[in-house]
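Here's a walk through a protein model, going from strand pairing to a few side chains worth a click. Have your viewer open and follow along.

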Amino acid sequence: QVQLVESGGGLVQAGGSLLLSCGASERTFSPSAMGWFRQAPGKDREFVGSISWSGAYNRYADSVKGRFTVSRDNAKNTVYLQMNSLKPEDTAIYYCAADSNPYRSSWTDRRDFGSWGQGTQVTVSS
């Protein structure tokens, strides 16, 4: 499986912004889609957002719509998560994921993705 690495996490004040990135080392990496998930202590891993590699598909969780944006740079094998207007409830470990199934048409569940990063911590203070 392709190994993914997230970066960009940290501690921010409520209302602040962070940009997370996730890259793949494989030059031949060509996923159908990539996504972001997050997991807070004591909670299940939840969907945040996803994007098809063509850029035609985007999906966001209701809790982050209008605040977070998923984008990708195909040439750099990188997906980004721009997080604005951060809230304390956004505090979690954020994971990126990739799917290589060319026949899938939606990506909103962790079972839709076969490759995962190790996660990066985002902490939002009130």
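Two strands pair if DSSP finds at least two bridges between them. Keep in mind that this is a predicted model.

**Strands around β8**

With that cut-off in hand, look at β3 (residues 18–24) and β8 (residues 78–83): they run antiparallel and are joined by 6 bridges. On its other pairing, β8 goes with β7 (residues 68–73), again in the antiparallel sense and over 6 bridges.

**Arg38, a buried arginine**

Next stop is Arg38, which sits in strand β4 (residues 33–39). Is Arg38 buried or exposed? Its relative accessibility is 5%, and the cut-off for buried is under 20%, so Arg38 counts as buried.

What do the side chains of Ser63 and Asp90 do here? Each makes a polar contact with the side chain of Arg38: 3.5 Å for Ser63 and 2.8 Å for Asp90. Leaving out residues up to four places away in sequence, Arg38 also touches a list of others, among them Asp44, Glu46, Phe68, Glu89 and Tyr94.

**Aromatic pairs**

How many aromatic pairs does the structure hold? There are 6 aromatic pairs. One of them is Phe37 with Phe47, an edge-to-face pair. Phe37 lies in β4 and Phe47 in β5 (residues 46–52), so this pair ties together parts that are 10 residues apart in sequence. Phe37 is buried, at 1% relative accessible area, and Phe47 counts as buried at 14%.

Tyr57 and Trp107 also form an edge-to-face pair. Tyr57 is in the loop between β5 and β6 (58–60), while Trp107 is in the loop between β9 (92–99) and β10 (115–116), so the pair ties together parts that are 50 residues apart in sequence. Tyr57 is buried with a relative accessible area of 14%, and Trp107 is buried with 4%.

| Pair | Centre to centre | Angle between planes |
|---|---|---|
| Phe37 and Phe47 | 5.7 Å | 70 degrees |
| Tyr57 and Trp107 | 5.1 Å | 75 degrees |

Phe37 and Phe47 also belong to one aromatic cluster together with Phe113 and Trp116.

**Arg45 over two rings**

Which rings does the charged end of Arg45 sit over? One is the ring of Tyr95, with the charged end 3.8 Å from the ring centre. Another is the ring of Trp116, at 5.1 Å from the centre. Trp116 is a member of the aromatic cluster with Phe37, Phe47 and Phe113, and Arg45 is also among the residues that Arg38 touches.

**Leu86 in its loop**

Last, find Leu86 in the loop between β8 and β9. Leu86 is buried, with a relative accessible area of 2%. What does Leu86 touch, not counting residues up to four places away in sequence? The contacts include Val12, Ala14, Leu18, Arg67, Phe68 and Val124. Phe68 turns up in the contacts of Arg38 as well. Cys22, for its part, is 64 residues from Leu86 in sequence and 19 Å away in space, C-alpha to C-alpha.

Technical notes:
Residues are numbered from 1 along each chain as its sequence is written. This is a predicted model: local features need pLDDT of at least 70, side-chain atom pairs count only at pLDDT 80 or more; totals for chains, interfaces and linings use all residues. Side-chain values use heavy atoms; hydrogens and water are left out. Helices (H or I, at least four residues) and strands (E, at least two) are DSSP runs, numbered from the N terminus. Buried means under 20% relative accessible area, exposed over 50%, partly exposed in between (1.4 Å probe, protein chains only). A polar contact is a pair of N or O atoms within 3.5 Å; within protein, one must be able to donate a hydrogen and the other to accept it, and residues adjacent in sequence count only if both atoms are side-chain atoms. Contact means heavy atoms within 4.5 Å. Rings of Phe, Tyr and Trp (its six-membered ring) pair if their centres lie within 6.5 Å; planes under 30 degrees apart count as stacked, over 60 as edge-to-face and the rest as tilted. A charge sits over a ring if NZ of Lys or CZ of Arg is within 6 Å of the ring centre and within 35 degrees of the ring normal.
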